[in-house]
Amino acid sequence: MFALVDVNNMYVSCERVFRPSLAGRPVVVLSNNDGCAIARSNEAKDLGIKMAQPWFQIRHLERKAGLIALSANFELYGDMSSRMMTVVAQYAPRQEVYSIDESFLHFEGVRGDLVAIGREIRATVLQWTGLPTSVGFGSTKTLAKLANHVAKTADRKPGTYPAQFKQVCNFGAMSERELEQVMQATEVGDVWGVGRKISARLNDVGLRSVLDLVSADVATLRKQFSVVLEKTVLELRGTSCLDVDDAPAANQQIMCSRSFGAPMTELPALVEVVSQFASRVAEKARHQQSVAGAVHVFVATSPFRKHDRQHSPSVTVPLVRPTDDTRLLIGAAVRALEGIYRPGFNYAKAGVMLVDLQPKGQGQAELDLFSDTGEPAVSMPQRDRSQLMGTLDALNRRFGRGAVTVASAARQVNHGGHFAKQERRSPRYTTRIDEIPTAKAGWSTPA
Amino acid sequence: MSSSVRQGDVVRVGRESAADQTPTRASVVIGFGSPADDTGVTRLDLNDILIKHPQATFLMHVAGNAMREVGIDDGDLLLVDRAITPAHGHIVIAVVAGEFVCRRLFRQGDDIRLQATNPDCADIAPRDGQELQVWGVVTNAIKSMPA
């Protein structure tokens, strides 16, 4: 069995941990340069605000509906993610971090009531970190992801699914009839990896619900659509066939992480692994024509090595200038690793994630002008970069991944100041000592 | 996010009061194992000594002197552990009117209040139906000396 644990409205939930007064209010988190909504509270969703909706279109809701808009605070989200992931990792022999707020747990051979375990995960993450999660169990990752969708939707919109499935939903514990009803009530577009275009085409050929999709003929689907969709349907029928690498990409972040075969203790070995991961995510970023505004790096010991001291640090490094350059991203990732690494620990897992993604070629000239870091932007010749990176990708495609890599990574200069316009950013409560919260111990009672 | 504490309720941070939740907490222990069992001696590390639950521990500054009698002064650095279930006598961070407030949790039977250690300060008690949210338990206060 797999479980997919994810945080409800991650970025907004992180903000609410430190600003409890935001509870129950419509809140959005805006992308870099305050361009568009990249996270919405349920109340903001109820106002009709769409994912990625530009700020100017919803700005009027500030006055009209009490909407609160915050600039993205990736340092905070990265640290809260790391806390949450480390808590979740305790519950299963294997964890695959899939995005900043989601991980798959592998429950092969684990006995007991999975729903009870799911509730325990949820309750502990909520108590320890303040973050609300949803947990879905299924015999394949696609099913676990779908169960998670059911758990979340049943909680948010009572009546969509039976209330017993809210927050924690285990497809494995459902009767065949219950599962069919759930699949009947779920649209194809809610399936992992089925994008808007494909779901429209599926609707055109009469496949609307997930039940329609699982009942369809796979050979025909493969012919009319793709092998990927065929795999998705097989997964929905309970046959695992997605590898880590062909799993659908998460929105707004690019991630590469692995558990090691044997634990790593020394820095040079970790540097090598992290460089590989950074190189891989840089390539993915270029493939989807994005640049990243920040790099998140984590390493973790294994909670199942009982005699090992545990250390699971992470750090989010904002970049002076958003980039897709392998050299810069490796440089930032390695520097991040060197900052969090402590000798004497048996690290069992590492990951590199690009966050704060933006379409390439957007607004970079302005960013230079308004850079408030006092530092020159990256001292890398801009001229030849894209061409060099394109060549690098082509060589790697032709001769295999890693055929050409960056030998010595240029370190990107950054002193913590972020170039971007972030007027509404909340304090970095957990990563900057001068920005931690204040607890009042005054004589008078706050009114 | 945090549970509401009404008269007679068990005080628990972040727990939801759904009746069907069976705590199975004892099955999981998160934190540091015993240091250096077989890897030799390592230098003492304040993180290991002071922070039992690193994933659940947060830093806060204190503003005000209403907790001076337990040694918490204006400007001190607090370690706040959310993994500890708040109990009578704990120094806690509570959420009052949307703000973080440092007080001692008084809980005797149905009587639940937040107390300052300065006897001249009034207690904060939840009124009927009002929520008293405990955000975390203060485990340490760190003060800087002139040096």
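**Entry 1: the model.** I kept in mind that this is a predicted model.

**Entry 2: the sheet.** I began with strands in chain A and found an open sheet of five, in the order E5-E6-E1-E7-E8, with mixed pairing. Which strands sit at the edges? I found strand E5 (94-99) and strand E8 (168-170) of chain A there, each pairing on one side only. From one strand to the next, the twist averages 15 degrees.

Then I looked at one pair of neighbours. Strand E1 (residues 2-7) and strand E6 (residues 102-106) of chain A run antiparallel, and five bridges join them. To see this pairing for yourself, find A:Leu4, which stands opposite A:Phe104 in E6(A).

I also asked which helix packs on the sheet. It is helix H7 (residues 141-156) of chain A, which touches E1, E5, E6, strand E7 (133-138) and E8 of chain A. The direction of H7 makes about 140 degrees with that of E7(A).

**Entry 3: a nonpolar patch on chain B.** Next I turned to the surface. B:Leu44, B:Leu46 and B:Ile49 make a nonpolar patch of about 370 Å². I picked out B:Leu46, which lies in helix H1 (residues 46-50) of chain B. Is B:Leu46 buried or exposed? Its relative accessibility is 58%, so B:Leu46 counts as exposed, the cut-off being over 50%.

**Entry 4: salt bridges.** A reminder to myself: side chains of opposite charge can pair when their charged atoms come close. Over all chains, I noted a count of 24 salt bridges.

Another salt bridge joins the side chains of A:Asp325 and A:Arg327, at 3.3 Å from N to O. A:Asp325 counts as buried because its relative accessibility is 1%, and the cut-off is under 20%.

I then checked B:Asp45 and A:Arg342, whose side chains meet in a salt bridge of 2.4 Å, N to O. B:Asp45 lies in the segment before H1 of chain B and A:Arg342 in the loop between helix H14 (326-340) and strand E12 (347-359) of chain A, so this pair joins two chains.

Last, I looked for shared partners: salt bridges join A:Glu75, A:Arg425, A:Arg428, A:Arg432 and A:Glu435 into one network.

Terms used. Residues numbered from 1 in each chain as written. Chains lettered and ligands numbered in written order. Predicted model: local features only at pLDDT ≥ 70, side-chain atom pairs only at ≥ 80, totals over all residues. Heavy atoms only, no water. Pairing = 2+ DSSP bridges. Helix = DSSP H or I, 4+ residues; strand = E, 2+ residues; numbered from the N terminus. Axes fitted to C-alpha atoms, helices over the stretch in contact; angles between N-to-C directions. Contact = heavy atoms within 4.5 Å. Patch = residues over 30% accessible without salt bridge, like charges linked within 9 Å, V, L, I, M, F, W, Y side chains within 5 Å. Areas by Shrake-Rupley, 256 points an atom, 1.4 Å probe, with all protein chains shown as cover. Salt bridge = Lys/Arg side-chain N within 4 Å of Asp/Glu carboxyl O. Buried < 20%, exposed > 50% of the residue type's maximum accessible area, 1.4 Å probe, protein only.
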